[in-house]
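I set down here, entry by entry, what I looked up in one structure. The sequence and the structure come before the entries.

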Amino acid sequence: MTEVSSLTGRLLVATPALADPNFDRAVVLLLDHDEEGSLGVVLNRPTPVGVSDILEAWADLAGEPGVVFQGGPVSLDSALGVAVIPGGLSSEERAPLGWRRVHGAIGLVDLEAPPELLASALGSLRIFAGYAGWGPGQLEDELVEGAWYVVESEPGDVSSPSPERLWREVLRRQRNELAMVATYPDDPSLN
């Protein structure tokens with residue numbers, strides 16, 4: 001197998017051609033990507049379920065909207081916490097207990113840890129039910145097929161207060177032809 005260049009910490013933005021309804025206009029933050037496969041969470045799928053309804057202890061740290069997000073179609077009965085450390089951490093600084101860096105200021109939260117351990121360090125927290133997963137080479141095949149745009153993430157993507165606009169916002173900030181894709185209509189047949 002050829003060496004896989006890691007896309008961990010990058011965003012996968014669904015192309016308009018992606019036919020899978022689980023990922024229609026999805027923005028996926030890749031939490032792990034290597035030769036064994038890929039794992040990420042969909043950043044723009046809020047559910048009506050409040051964080052306080054399932055993880056009450058973490059509710060005060062959750063950003064707005066304070067709901068659980070559907071992270072993907074896999075393991076919907078499991079929860080992942082993704083949080084940003086404001087200002088990030090320098091390479092000399094130690095990460096707070098219960099937080100593991102994914103990329104830059106973005107990291108995974110150990111939801112088994114007491115929230116008090118992280119309360120003073122975290123800027124914003126999102127709770128995801130489930131995740132998106134790809135087996136070895138599967139994501140690379142989808143990239144070749146043109147299903148995803150790969151772009152840099154920004155810490156604010158994790159905690160966007162308007163997740164329904166994230167697909168367009170991420171595309172609009174690109175400095176190339178991708179910015180034009182942001183204007184793609186929801187239903188091109190209505191044009």
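I looked up the contacts of Pro 73 (contact means heavy atoms within 4.5 Å). Leaving aside neighbours within four places in sequence, I found Pro 73 in contact with Asn 22, Phe 23, Tyr 131 and Ala 132. This is a predicted model, in which local features need pLDDT of at least 70, side-chain atom pairs count only at pLDDT 80 or more, and totals for chains, interfaces and linings use all residues. Residues are numbered from 1 along each chain as its sequence is written, and side-chain values use heavy atoms, with hydrogens and water left out.

I then checked the distance from Pro 73 to Phe 23: their C-alpha atoms are separated by 9.2 Å, and the two residues are 50 residues apart along the chain.

I placed Pro 73 in the loop between β5 (67-70) and β6 (74-84). Strands (E, at least two residues) are DSSP runs, numbered from the N terminus. Pro 73 is partly exposed, with a relative accessible area of 37%; buried means under 20%, exposed over 50%, and partly exposed in between (1.4 Å probe, protein chains only).

Next I turned to the nonpolar cores, sets of buried Ala, Val, Leu, Ile, Met, Phe, Trp, Tyr and Cys residues joined through side-chain atoms within 4.5 Å. The largest has 39 residues, and Leu 29, Val 82 and Trp 148 have the most contacts inside it. Strand β2 (residues 27-34) gives the largest share of this core, 5 residues. A second, separate core of 15 residues includes Val 51, Ile 85, Leu 118 and Leu 125.

Technical notes: Helix = DSSP H or I, 4+ residues; strand = E, 2+ residues; numbered from the N terminus.
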